[in-house]
Amino acid sequence: MKIMDSKREGAFALFLFLLFLASPAVTMRLNPKNYEGGRSRDERTRHIRNKSAAALILGEIRSSMSDIMFIKTELYLHSGVAYKLNLDYDALSSKGTVVEKGDQQDVNLEQLLPEDQRNHAEHEHDHDHAHHHADDDKIHFHCEGADTVIPTRKKDFRGIIGELHRRVKPWQDPSKPHLHTSGEELLPWYRLMTLSDPHNIRGYMIGAWWLKHFKKEAQLQEAIKFLDEGIRYNPDSYQLYLMKGNITLSLDNHREAKALYRKSADLAIRKRPPDGKISRDWTHYNEEDALAAIRLAVFTEKEYGDVKTALDIARRYLEIINSDLILERQIQQMISQDQ
Amino acid sequence: MNQSETVIEVRNLVVEYGRGANTNQAVRNISFQIKKGESVGFIGANGAGKTSTIKVIMGFLFPAKGEALVFGDKAGSVQSRKRIGYLPEVALYYPFMKARELLELYGGLHGLNSRALKEKIPPLLDQLGLKDKGEVLLKNFSKGMQQRLGIAQAIIADPEALVFDELSSGLDPLGRYELRHVLLDLKQKGRTIFFSSHELTEVESLCDRVIMIHEGRIVTESPVADLMKPLNLFEIIFSLDSASMPPVVTKFNPTPEGDGYRVLIDDIAAYSEALSALASAGAVIRSASSKSRTLEEYFIELVGEKGEKQAV
Amino acid sequence: MRSIWLISRTVLLEAIRRKEIYAITLVSLLLLTVIFSIDFFQIEGLMKFYREVALKIMSMATALTVIVLSSRQLPREFENKTIYPLMAKPLRRTSFLSGKLLGVILAALFCFSLFMFVYIIGTLYVGGGIPWSHFLQYIYLQLLQMMILTTLGFLLSLVMNLDAAITLGIIFYITANILITSFTYLYDFVGIFGKTMLTVLTFIIPQLALFDFSGKTVHSEVWPPLDLNTLAILTAYAFVFSGFYYLLCIVIFRRRAI
């Protein structure tokens with residue numbers, strides 16, 4: 001009788017184990033089109049990975065680890081305080097309803113250029129952290145929409161537990177201005193998160209962005225190496241070419257920067273949906289970066305190449321993206337210069 | 001009887017395992033007493049209820065009915081355990097400890113201070129054949145050495161009473177011999193000894209009294225001397241015409257053996273008488289010898305009889 | 001008191017003489033070496049990152065050691081029958097359990113000492129200082145957490161088998177850190193019954209995250225150490241839970257046949 005019981009238990013355990021192994025495949029079978037595994041939006045990678053349940057599970061683990069490390073960088077940036085802001089921003093950015101409040105800071109296109117060449121006032125967004133970071137390493141930011149993961153006393157139902165939680169963990173009232181720390185200590189996390197998930201394009205992008213802020217030759221070269229690695233794993237990522245273009249420009253390598261922006265813009269145009277409609281697959285980040293690549297491709301061609309060529313490509317890009325005030329202004333400037 | 005003279009008292013003890021329909025009675029309403037200075041053997045087959053009874057005496061098991069008292073205190077009370085030394089049937093000792101450390105632990109729990117322990121441990125180890133083993137880790141001890149150490153831990157605080165479950169389990173002949181000497185020494189010092197065992201030699205040499213238990217019930221409780229009597233058996237193999245067989249022999253039911261007969265006699269006087277009668281009748285005595293039954297054989301016969309009686 | 005000390009010394013001796021803790025320390029050291037062998041863009045003195053990784057490894061390794069050590073204390077005594085000669089001595093069952101509890105806490109302290117050694121060596125290598133007041137508060141709160149985990153380990157091992165007790169202990173340790181945050185998220189999305197349940201659960205489940213002071217220790221240049229008042233409340237909180245588990249252990253263990 002006992003043997004029967006243990007056999008039955010063993011069979012049940014085996015069944016559960018097989019079910020666990022098969023679960024991703026079953027899920028995909030039930031609703032394959034809606035299945036979104038991992039971070040990668042790359043069709044080819046997704047296709048290869050989705051063929052194997054084991055690869056899928058391991059891939060999920062790797063990308064989840066990478067995501068956890070990404071969150072870690074947010075924590076480090078705020079001296080350990082966990083804010084909800086970025087999670088909401090991420091969610092909203094794919095719905096096309098994002099309204100940035102607070103200290104959103106546009107980065108001047110000219111800031112990319114060496115100081116003596118800053119003549120033109122074109123505006124462009126830098127990426128991600130640049131939305132609310134200035135070049136100054138430590139600066140106070142006031143974000144109206146920001147909320148901490150640990151709620152304020154008013155919003156917390158937990159009484160003394162909540163109070164202790166706020167005291168033990170790094171926490172500050174989200175309504176008060178908060179301090180951003182230097183990006184230096186964030187960098188190991190970008191290194192590790194991209195090792196864990198080489199398709200974490202944001203990891204490569206922001207890591208390189210922070211390296212650029214060292215304004216030192218060695219770190220800029222490191223940034224280039226880092227982005228080259230990212231490009232090797234994600235050859236279709238126009239964002240990585242865009243960032244590499246920015247850093248190359250900082251190194252005064254204008255010719256290469258120009259080529260990189262062109263490559264980025266071409267890749268972006270290929271990926272961009274008609275009229276740049278924001279969706280899960282084409283977020284605000286994607287749209288902003290695509291437009292930045294196009295504008296910078298035109299801008300650098302004009303500055304370090306041939307104005308006529310710049311005008312040509314600007315017109316070609318405008319034809320594809322339909323409308324963009326900055327690009328239109330660039331075209332008008334070039335026409336007036338030409339005249 | 002004065003209460004102070006009774007070291008262990010078991011009254012109407014019932015021990016049960018399991019619950020509801022699966023309840024199994026291991027000990028069925030037994031009672032006995034062990035008096036001060038007595039040495040009592042507790043004998044029974046495996047599963048007879050020996051260990052269960054001892055566990056109740058030590059306070060490891062709680063009786064379903066009845067009770068056990070040790071020095072008049074409830075069995076298992078701290079007070080009762082202060083005056084008793086115990087050796088379990090099977091016990092491994094912490095393999096990561098040294099023999100000295102283990103004895104320090106057990107002695108310390110008995111309230112001995114470190115000075116007393118330092119004085120006591122070396123001669124004790126010596127006495128049990130573990131000289132120079134004090135600093136050896138117990139993981140390197142053989143089963144026999146562990147058993148010797150078990151005895152050492154039981155007697156380290158010089159307790160008034162000793163309860164041993166399966167006395168010489170795991171000991172080699174030399175170990176048994178040494179142990180017997182240790183226990184005889186303790187007996188001579190007036191310590192009360194209560195132990196379960198399968199070994200007849202131990203029972204013979206150490207016990208004043210034997211309690212036999214079978215299927216949770218006590219089947220015999222008597223002094224060793226009385227118990228040993230029916231264990232003597234004599235065998236005569238002889239050739240003689242059946243018609244000439246003397247009545248003193250025929251009453252022991254001789255059985256044919258080759259071209260003669262074989263008779264078993266369980267009384268030494270009757271044995272002498274039978275030998276004389278056979279010689280007078282002109283029988284050829286081929287062999288005459290004394291045959292002792294083992295305690296086990298005796299025990300098996302005894303419980304067999306009990307079983308038959310119960311069946312009737 | 002002496003018997004409690006004698007029992008605890010046995011547990012500590014086991015922790016010191018067995019190889020597990022050294023193996024865990026070595027693996028942790030190896031892990032740290034591997035992590036720091038990665039080229040982090042030629043940037044030196046990454047103190048926060050080092051602190052974060054070292055403290056995380058330290059707390060996780062110690063917690064796992066404590067869960068395993070506490071869960072196996074009682075089952076091992078039964079399995080190897082070492083409990084018989086021990087309980088045959090004039091030793092109260094409460095003293096036995098208290099000794100075991102103290103022993104596991106001492107073993108956790110030993111474990112922390114080893115890691116602290118590794119941590120200090122690492123700090124010398126990486127460069128930068130040790131925020132001592134934060135670090136000692138971190139260790140103290142971790143010890144309080146270990147006390148809760150130990151009593152819980154004892155309790156689980158008394159009501160289920162060893163494997164189940166270890167597994168549940170680990171699950172509890174991992175999820176307890178997640179629960180505290182998820183409850184605050186969930187609270188806004190559930191009805192009145194759910195809200196009541198979450199409130200009750202918040203108070204009946206020991207919030208282990210409250211004993212993780214690593215956040216402020218890592219970013220110690222921004223955050224001051226905890227005030228005595230908070231430390232006292234946290235100590236009382238830990239004692240309430242471990243005391244409750246310990247009482248349950250005593251109730252069960254006193255009634256248990258050996």
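Predicted model: local features only at pLDDT ≥ 70, side-chain atom pairs only at ≥ 80, totals over all residues.
Residues are numbered from 1 along each chain as its sequence is written, and chains are lettered from A and ligands numbered from 1 in the order in which they are written.

**Chain B overall**
- Chain B has eleven helices and 14 strands, where helices (H or I, at least four residues) and strands (E, at least two) are DSSP runs numbered from the N terminus.
- Of the 312 residues in chain B, 40% are buried, a residue being buried if 20 or more other C-beta atoms, placed from the backbone, lie within 10 Å of its own, exposed if 12 or fewer, and partly exposed in between.

**Nonpolar cores**
- The largest nonpolar core has 142 residues, and those with the most contacts inside it are B:Ile57, B:Ala152 and B:Val163; such a core is a set of buried Ala, Val, Leu, Ile, Met, Phe, Trp, Tyr and Cys residues joined through C-beta atoms within 7 Å.
- Leaving aside neighbours within four places in sequence, B:Ile57 is in contact with residues including B:Ile8, B:Ala68 and B:Val163, contact requiring C-beta atoms, placed from the backbone, within 7 Å.
- A second, separate core of 52 residues includes A:Trp209, A:Tyr241, A:Ala292 and A:Leu311.

**The open sheet of chain B**
- Six strands of chain B form an open sheet in the order 6-7-8-3-9-10, with mixed pairing, and two strands pair if DSSP finds at least two bridges between them.
- Strand 6 (84–87) and strand 10 (217–223) of chain B are the edge strands, each pairing on one side only.
- Strand 9 (residues 209–214) and strand 10 of chain B pair in the antiparallel sense over six bridges, and B:Ile211 stands opposite B:Glu221 in strand 10 of chain B.

**Where chain C meets chain B**
- In this interface, 21 residues of chain C are in contact with 23 residues of chain B.
- Helix 1 (2–17) and helix 4 (83–87) of chain C each supply at least two residues of the side of chain C that touches chain B, and the largest share, seven residues, comes from helix 1 of chain C.

**A residue of chain C**
- C:Val68 lies in helix 3 (residues 47–79) of chain C, and C:Val68 counts as partly exposed because it has 18 C-beta neighbours inside 10 Å.

Conventions
Contact = placed C-beta atoms within 7 Å.
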